[in-house]
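Biologist: I am new to looking at protein structures, and I would like to learn how to read one feature by feature. Could we go through this one together?

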Amino acid sequence: MTRAHRPRIRRIYEPAGADDGARVLVDRLWPRGLAKADAQVDEWPKSLTPSTELRRWYHAAEGDAYDEFRRRYEDELTRPEAAEALDRLRALAREGPLTLLTASKDPEHSHAAVLVHLLTG
């Protein structure tokens, strides 16, 4: 079995790196102010992104809600379309470098970090 590369998280507003490998946008909404031609996105699996309801809940939550967000998001990822998209990310990580792109201002406390955790187990 081929060992998977550890996915990295990069803000979509940062320039693409030569070692990014597959660049996958993991946000539901297209990032503001960024032309699609400039983003260098290889895939955009919207079924993998947190639901609108969960996203709104997390942004409106007071205090440290990340652990609860993570639990709810992991539950959402068990849905068939999301699970299939997650399997696709696993395949990309086995093939070579994988960069998860997000517009989040705090990528380490975002859905992208949950995805990296699930991909690296």
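This is a predicted model: local features need pLDDT of at least 70, side-chain atom pairs count only at pLDDT 80 or more; totals for chains, interfaces and linings use all residues.

Biologist: Which residues sit at the centre of packing, that is, which have the most contacts inside the largest nonpolar core?

Modeller: The general idea is that in soluble globular proteins, nonpolar side chains tend to be buried together. Here the largest nonpolar core has 24 residues, and those with the most contacts inside it are Leu48, Tyr73, Leu89, Leu98, Leu100 and Leu115. At least two residues of this core come from each of strand S2 (22-25), H3, helix H4 (80-95), strand S3 (98-102) and H5. Apart from this core lies another one, of five residues, including Ile12, Leu34, Ala39 and Leu101.

Biologist: What does Leu48 touch, leaving aside residues up to four places away in sequence?

Modeller: With those sequence neighbours not counted, Leu48 touches Val26, Tyr73, Leu77, Ala82, Ala85, Leu86, Leu89 and Leu115.

Biologist: How do helix H3 and helix H5 cross, and at what angle?

Modeller: The axes of H3 (residues 66-76) and H5 (residues 111-120) come within 10 Å and cross at roughly 60 degrees, and the two helices are therefore oblique to each other. The crossing of H3 past H5 is right-handed. On the H3 side the contact is made by Tyr66, Phe69, Arg70, Tyr73 and Glu74, and on the H5 side by His111, Ala113, Val114, Leu115, His117 and Leu118. Sorted by class, this contact has seven nonpolar, two polar and two charged residues.

Biologist: Is H5 mostly covered or mostly open?

Modeller: H5 is mostly covered, with seven of its ten residues buried, namely His111, Ala112, Ala113, Val114, Leu115, Val116 and Leu119. These buried residues pack against strand S1 (8-11), H3, H4 and S3.

Biologist: Where is Lys46 found, and how far is it from His59?

Modeller: Lys46 is found in the loop between helix H1 (36-39) and helix H2 (52-60), and with a relative accessible area of 40% it counts as partly exposed. Lys46 and His59 are 13 residues apart in sequence, and their C-alpha atoms are 19 Å apart in space.

Note on methods
Residues are numbered from 1 along each chain as its sequence is written. Side-chain values use heavy atoms; hydrogens and water are left out. Helices (H or I, at least four residues) and strands (E, at least two) are DSSP runs, numbered from the N terminus. Buried means under 20% relative accessible area, exposed over 50%, partly exposed in between (1.4 Å probe, protein chains only). Axes are lines fitted to C-alpha atoms, for helices over the stretch in contact, and angles run from 0 to 180 degrees between N-to-C directions. Angles under 35 degrees count as roughly parallel, over 145 as roughly antiparallel, 65 to 115 as roughly perpendicular and the rest as oblique. A crossing is left-handed if the near helix is turned anticlockwise from the far one by less than a right angle, and right-handed if clockwise. Contact means heavy atoms within 4.5 Å. Ala, Val, Leu, Ile, Met, Phe, Trp, Tyr, Cys and Pro count as nonpolar, Asp, Glu, Lys and Arg as charged, and the others, Gly among them, as polar. A nonpolar core is a set of buried Ala, Val, Leu, Ile, Met, Phe, Trp, Tyr and Cys residues joined through side-chain atoms within 4.5 Å.
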